[in-house]
Amino acid sequence: MTRKKSKADSARITGSTTLTGTVVRNTGSAYTVRLDNGAETSCRVKGNFRIKGIRTTNPVAVGDRVTVAHAADDADYIIAVEPRRNYIIRRASNLSKESHILAANLDLAVLVASLKDPTTPTTFIDRFLATAEAYGVPAAIALNKCDTWDDDDRELADGIKYLYESIGYPVYIVSAKSGEGLDSFMENLRGKVTLFAGNSGVGKSSLINALVPGAELRTGAISDVHHTGMHTTTFSEMIPLPDGGDIIDIPGIRGFGTIDFEISEVSHYFPEIFRTGRGCRYSDCKHIDEPGCAVIPAVENHYISESRYASYLSILDEIRDPSKYRKPF
């Protein structure tokens with residue numbers, strides 16, 4: 001986003017002074033920190049900090065509260081990260097690393113999804129929501145591109161909305177192009193730090209452009225051959241909302257592998273399975289083939305969605321064989 005520079009932007013951290021602020025941009029090679037005094041400064045991460053017991057592709061994420069110091073080489077460095085109150089994380093695609101933090105210190109995580117061109121798989125939705133549950137982040141779904149839907153699409157969207165709202169997740173039906181649903185959606189973002197995540201091509205950048213005049217994020221076309229999106233956002237950035245709050249925009253995600261889940265805990269991240277599981281004969285029931293399981297009959301009788309149960313099983317399967325996270329969920 002293009003933003004007019006202020007006098008505060010030119011402020012320097014001098015001498016041995018340390019200041020605190022929030023990471024608002026991560027380009028991979030540098031971080032922009034919005035200092036508490038209003039200035040913004042480009043920072044690097046100290047090498048020893050980068051490798052010190054941190055098994056992620058990014059030891060610092062957008063949304064992190066950090067301490068910054070000016071070094072003898074005339075550069076500003078992030079020297080400490082405050083404890084995060086929450087974050088969204090996924091298994092990294094780089095096999096040499098363990099995980100990738102998408103964003104930290106969130107009030108809300110919105111999964112932007114689309115019904116077609118490209119289709120967002122329900123497994124992807126459920127893995128995102130389960131991760132939000134696991135790491136203490138309230139979550140919602142935005143079904144974008146409703147201006148392109150026919151009657152069958154509308155019926156499918158209504159079904160998705162009913163399913164996830166019955167579990168407890170708000171679902172917003174919106175169109176970045178026509179403006180449908182944007183007013184009520186924006187009302188629920190006001191004053192919050194909100195992550196926008198989703199597959200490439202779901203219209204995440206277009207949606208932000210519609211919500212934030214002047215954002216001017218680059219948008220891309222959909223592949224005619226594969227009906228998938230191409231990455232247009234290349235780095236993570238925090239974008240201020242006009243009436244208060246921020247959106248954290250991140251590059252499109254092609255897969256969502258879960259991380260640090262224990263088999264015994266996965267059902268806790270599916271609220272309807274967890275509630276129903278209280279009626280199982282055994283307290284450690286995995287809801288697969290155990291006698292006296294209350295969840296399996298609930299699935300068979302459609303009290304629990306078959307797609308949600310399939311997503312639950314896919315995570316159990318991934319924990320047993322972590323290499324399966326490379327599938328395009």
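This is a short talk on one chain and on two of its residues, S114 and D76.

First, the ground rules. The model is predicted, so local features need pLDDT of at least 70 and side-chain atom pairs count only at pLDDT 80 or more, while totals for chains, interfaces and linings use all residues. Residues are numbered from 1 along each chain as its sequence is written, and side-chain values use heavy atoms, with hydrogens and water left out.

The chain as a whole has eight helices and 13 strands; these are DSSP runs, H or I of at least four residues for helices and E of at least two for strands, numbered from the N terminus. Of its 329 residues, 50% count as buried, meaning under 20% relative accessible area with a 1.4 Å probe, protein chains only. The accessible surface is about 15,700 Å², and carbon and sulfur atoms hold 50% of that; the areas come from the Shrake-Rupley method with a 1.4 Å probe, and for residues only the protein chains shown count as cover.

Now S114. It sits in the loop between β8 (108–113) and α2 (122–134). S114 counts as buried because its relative accessibility is 2%. A polar atom of its side chain lies 2.4 Å from the backbone oxygen of P118. Leaving aside residues up to four places away in sequence, S114 touches T119, T120, N144, K145 and V202, where contact means heavy atoms within 4.5 Å.

Next, D76, in strand β5 (residues 76–81). Is D76 buried or exposed? At 4% relative accessibility, D76 counts as buried. Its side chain makes a polar contact with the side chain of T41, at 2.5 Å. Such a contact is a pair of N or O atoms within 3.5 Å; within protein, one must be able to donate a hydrogen and the other to accept it, and residues adjacent in sequence count only if both atoms are side-chain atoms.
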